[in-house]
Amino acid sequence: MELLETQNPERKKLLETSERHKRELEREVKHVSERTEKVLKNTLIIGGTLAVTYLLVTQLSSGRKKKRSTNVHVQAEPNIQEEPADQTPGIVASIGSKIADTALLLLLDMAKDALAEFLKTRKKENADS
């Protein structure tokens with residue numbers, strides 16, 4: 001077979017061109033798959049961060065949503081109602097809410113940075129194309 005290739009220069013040229021195109025296609029497919037993998041990783045990081053943030057906020061804020069019950073005591077005079085006691089959160093609850101707020105801000109900042117990095121890479125890839 002090699003004898004035929006060397007005897008016909010046009011065929012040899014076409015085979016070399018075909019091989020070059022094949023290598024170029026393989027290189028492009030590899031490049032696209034690497035970019036796709038990077039995009040998926042960024043998407044998973046951002047999605048995971050948002051999911052964890054949502055779960056933390058819902059878990060930590062569920063303790064704060066307490067309904068105040070109005071206590072009405074029946075006394076000698078029916079028009080007089082007792083004032084409900086002020087239900088101020090304790091120091092532990094306020095510390096917990098501060099921690100939750102700080103964690104939320106931290107996670108949102110991380111998500112913002114990851115999203116900004118992702119957009120920069122997308123812009124750079126579009127400029128290269």
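**Figure 1. Glutamate 37 and lysine 41 in helix H2 of the predicted model.** Glutamate 37 and lysine 41 both belong to helix H2, where they sit four residues apart, about one turn of the helix. The structure shown is a predicted model. An α-helix has 3.6 residues a turn, so residues three or four places apart point the same way. The two side chains form a salt bridge, with 3.5 Å between the closest N and O atoms. Glutamate 37 counts as partly exposed because its relative accessibility is 44%.

**Figure 2. Glutamate 24 and arginine 27 in helix H2.** This pair also lies in helix H2, with glutamate 24 and arginine 27 three residues apart, about one turn of the helix. Their closest N and O atoms are 2.4 Å apart, and the contact is a salt bridge. Side chains of opposite charge can pair when their charged atoms come close. How exposed are the two partners, glutamate 24 and arginine 27? Glutamate 24 has 34% relative accessibility and so counts as partly exposed. Arginine 27 is exposed, since its relative accessible area is 51% and the cut-off for exposed is over 50%.

Figure 3. Aspartate 113 and lysine 112 meet through their side chains in a salt bridge of 3.9 Å, N to O.

**Figure 4. Helix H2 from end to end.** H2 has 53 residues and covers residues 9-61. From its first C-alpha to its last, H2 reaches 77 Å, close to the 78 Å expected at 1.5 Å a residue. The buried residues of H2 are Asn42, Ile46, Thr49, Thr53 and Ser61. H3 is included in what covers these buried residues.

**Figure 5. Threonine 49, a buried residue of H2.** Threonine 49 is in helix H2. Is threonine 49 buried or exposed? Threonine 49 counts as buried because its relative accessibility is 11%, and buried means under 20%. A polar atom of its side chain lies 2.7 Å from the backbone oxygen of isoleucine 45. Which residues does threonine 49 touch, not counting those up to four places away in sequence? Threonine 49 touches Leu107 and Ala111. Leu107 and Ala111 are both among the buried residues of H3.

**Figure 6. Phenylalanine 118 and its contacts.** Phenylalanine 118 is located in helix H3. With a relative accessible area of 14%, phenylalanine 118 is buried. Leaving aside neighbours within four places in sequence, phenylalanine 118 is in contact with Val39 and Asn42. Asn42 is one of the buried residues of H2. Isoleucine 46 is also on that list for H2. Phenylalanine 118 and isoleucine 46 are 72 residues apart in sequence, while their C-alpha atoms are 9.8 Å apart in space.

**Figure 7. Helix H3 and its packing.** H3 spans residues 91-128. H3 has 38 residues and reaches 55 Å between its first and last C-alpha, close to the 56 Å expected at 1.5 Å a residue. Which residues in H3 are buried? Ser97, Ala100, Leu107, Ala111, Ala114, Phe118 and Glu125 are buried in H3. The buried residues of H3 pack against H2.

**Figure 8. A nonpolar surface patch that includes isoleucine 95.** Ile91, Val92, Ile95 and Ile99 make up a nonpolar patch on the surface. Together these residues have about 440 Å² of accessible area. Isoleucine 95 lies in helix H3. Isoleucine 95 counts as partly exposed because its relative accessibility is 46%.

**Figure 9. The whole chain as context for the close-up views.** The protein has three helices and zero strands. Along the sequence, the pattern is α-α-α. Of the 129 residues of the protein, 9% count as buried. The protein exposes about 11600 Å², and carbon and sulfur atoms supply 59% of this area.

Definitions and conventions
Residues are numbered from 1 along each chain as its sequence is written. This is a predicted model: local features need pLDDT of at least 70, side-chain atom pairs count only at pLDDT 80 or more; totals for chains, interfaces and linings use all residues. Side-chain values use heavy atoms; hydrogens and water are left out. Helices (H or I, at least four residues) and strands (E, at least two) are DSSP runs, numbered from the N terminus. Buried means under 20% relative accessible area, exposed over 50%, partly exposed in between (1.4 Å probe, protein chains only). A polar contact is a pair of N or O atoms within 3.5 Å; within protein, one must be able to donate a hydrogen and the other to accept it, and residues adjacent in sequence count only if both atoms are side-chain atoms. Contact means heavy atoms within 4.5 Å. Patches are made of residues with over 30% relative accessible area and no salt bridge: like charges are joined within 9 Å, nonpolar side chains (Val, Leu, Ile, Met, Phe, Trp, Tyr) within 5 Å. Accessible areas come from the Shrake-Rupley method with a 1.4 Å probe; for residues, only the protein chains shown count as cover. A salt bridge is a side-chain nitrogen of Lys or Arg within 4 Å of a carboxyl oxygen of Asp or Glu. The expected span of a helix is 1.5 Å times one less than its number of residues.
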